[in-house]
Amino acid sequence: MTFGKVNVHQRPPINIILHSIMWGKLLIAVRVYRKKHSMSIDYESLMLKAIDEAKKARRLKEVPIGALIIGRDEAILARSHNQVITRDDPTAHAEILSLRKACRIAGNYRLPGTTLYVTVEPCPMCMGAIVHARVARIVFGAYDPKWGAAGSLYNLPADSRLNHRVDVVSGILEEPCRQLMQDFFRSKRTPPPAR
Ligand SMILES: [Zn+2]
């Protein structure tokens with residue numbers, strides 16, 4: 001009996017156990033929130049710069065898509081915007097032009113540890129180049145149901161048949177990124193005013 005009593009006294013009371021679990025969960029929740037919050041602020045400020053690039057494409061009457069590449073040191077390595085018409089080049093997408101610039105600067109055809117920001121989900125061509133370049137992560141704004149290869153039509157970043165996985169963060173400043181595209185295509189469809 002004494003043995004049993006000693007055991008009961010050694011065991012922490014149930015309310016202390018529950019408190020510990022509660023506090024533990026609370027601390028984890030705070031940590032997750034802080035991480036998510038600080039990361040989303042970072043993503044958004046960089047996505048705004050990609051949007052600035054997209055607006056440069058719009059001024060050239062190109063489909064308004066902008067991209068930038070962030071190096072391991074968090075500095076902007078390269079930035080560009082869609083220029084297929086300007087350059088008479090079907091490969092001159094914002095992502096491809098940014099990859100070319102970043103590779104030239106890095107003196108390397110691969111860009112491990114980098115993050116590519118782009119206002120719209122990459123197409124299969126760009127996603128293929130991103131995998132070839134071993135980019136670590138892509139962050140994009142709006143999904144592209146017609147061409148998207150990072151979850152919409154294809155999911156190349158997570159395709160286990162390829163020898164490189166790419167982390168994907170989507171929906172960062174999704175609304176302004178999509179709005180740019182919608183306004184552009186709407187203006188294309190709108191007939192010129194009658195004289
Ligand atoms: Zn593309």
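Over which residues does pLDDT stay under 50? That happens over residues 1-8, and the model has 0 contacts beyond four places in sequence for them. Keep in mind that this is a predicted model. Where pLDDT is low, the predicted coordinates should not be read in detail. For the protein chain, the mean pLDDT is 88, and 83% of the residues reach 70 or more.

Now let us walk through the fold. The protein chain holds 5 helices and 5 strands, and their order along the sequence is α-α-β-β-α-β-α-β-β-α. Of its 195 residues, 32% are buried. If you take the contacts between residues at least 6 apart in sequence, 55% of them join residues at least 24 apart.

The 5 strands come together in an open sheet, ordered S2-S1-S3-S4-S5, with mixed pairing. At its edges sit strands S2 and S5, each of which pairs on one side only. On average, neighbouring strands of this sheet are turned by 15° against each other, direction ignored. In general, strands of a sheet pair through backbone hydrogen bonds, either parallel or antiparallel. Here, S4 and S5 run parallel and are joined by 4 bridges; valine 139 stands opposite valine 169 in S5. Helix H3 lies across S1, S2 and S3, and runs at about 150° to S2.

Here are the strands with their residues:

| Strand | Residues |
|---|---|
| S1 | 66-70 |
| S2 | 76-81 |
| S3 | 115-120 |
| S4 | 137-142 |
| S5 | 167-170 |

Nonpolar side chains tend to be buried together in soluble globular proteins. Setting aside residues up to four places away in sequence, alanine 50 touches Gly66, Ala67, Leu68, Tyr117, Val118 and Thr119.

Is phenylalanine 140 buried or exposed? Phenylalanine 140 counts as buried because 29 other C-beta atoms lie within 10 Å, and the cut-off for buried is 20 or more. This residue belongs to strand S4. Beyond its neighbours within four places in sequence, phenylalanine 140 is in contact with Val118, Val120, Glu121, Pro122, Ala150 and Ser170. Methionine 47 is 93 residues away from phenylalanine 140 along the chain, yet their C-alpha atoms are separated by 7.9 Å.

Definitions and conventions:
Residues are numbered from 1 along each chain as its sequence is written. This is a predicted model: local features need pLDDT of at least 70, side-chain atom pairs count only at pLDDT 80 or more; totals for chains, interfaces and linings use all residues. Helices (H or I, at least four residues) and strands (E, at least two) are DSSP runs, numbered from the N terminus. A residue is buried if 20 or more other C-beta atoms lie within 10 Å of its own, exposed if 12 or fewer, and partly exposed in between; C-beta atoms are placed from the backbone. Two residues are in contact if their C-beta atoms, placed from the backbone, lie within 7 Å. Two strands pair if DSSP finds at least two bridges between them. Axes are lines fitted to C-alpha atoms, for helices over the stretch in contact, and angles run from 0 to 180 degrees between N-to-C directions. pLDDT is the predictor's confidence in each residue, from 0 to 100.
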